[in-house]
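User: I am new to this structure and would like to learn how to read its features step by step. Could you take me through them with care?

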Amino acid sequence: MNIQELLGLLEELEGILLREKEALMISDGESLAAVVEEKTRLTVRMAKESPAQEEFLRLSPEEKSHLEEKARAVRYLQETNMLLTRQALHYAETILQALQGGAEDAGEATYSQDGNTSREGRRSRIVDRSV
């Protein structure tokens with residue numbers, strides 16, 4: 001693989017990461033699974049076929065700049081997607097804890113009927129098991 005092919009793959013990866021970001025923002029699990037699979041295939045391919053180090057050393061300053069710019073854009077999108085994934089995971093864990101009665105562990109994220117976060121040692125929860 002030469003540098004131009006690598007740039008093409010980085011641009012393709014950037015597009016995949018943008019689609020991943022959109023799927024994360026709207027919580028579209030099906031699309032996200034497909035995009036992650038596509039991203040995995042592409043990154044494995046890039047790792048196997050990356051240009052030799054000597055080819056990087058022969059790049060002109062303009063080519064180096066363009067390659068670095070594209071790599072920075074990909075890294076920024078990957079970091080953004082990682083943050084969005086962590087946020088979604090935290091949200092899901094908080095909801096799950098609240099539904100399972102773990103509101104105290106979740107930082108008292110729910111309220112009881114009287115407006116308090118706990119009542120006489122009993123944890124408030126979204127689903128009251130006593131009903």
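This is a predicted model: local features need pLDDT of at least 70, side-chain atom pairs count only at pLDDT 80 or more; totals for chains, interfaces and linings use all residues.

User: How many residues does helix 4 have, and what span should they give?

Analyst: Helices are DSSP runs (H or I, at least four residues), numbered from the N terminus, and the expected span is 1.5 Å times one less than the number of residues. The 39 residues of helix 4 should therefore span 57 Å, which agrees with the 57 Å between its end C-alpha atoms.

User: Which residues of helix 4 are buried, and what covers them?

Analyst: Buried means under 20% relative accessible area, exposed over 50%, and partly exposed in between (1.4 Å probe, protein chains only). The buried residues of helix 4 include Leu67, Val74 and Ala98, and their cover includes helix 1 (3-25) and helix 3 (53-57), where contact means heavy atoms within 4.5 Å.

User: What does Leu42 contact beyond its neighbours within four places in sequence?

Analyst: Leu42 is in contact with Leu9, Glu12, Leu13 and Ile16.

User: Is Ile95 buried or partly exposed?

Analyst: Ile95, in helix 4 (residues 61-99), is partly exposed, because its relative accessible area is 35%.

How values were computed. Residues are numbered from 1 along each chain as its sequence is written. Side-chain values use heavy atoms; hydrogens and water are left out. Helices (H or I, at least four residues) and strands (E, at least two) are DSSP runs, numbered from the N terminus.
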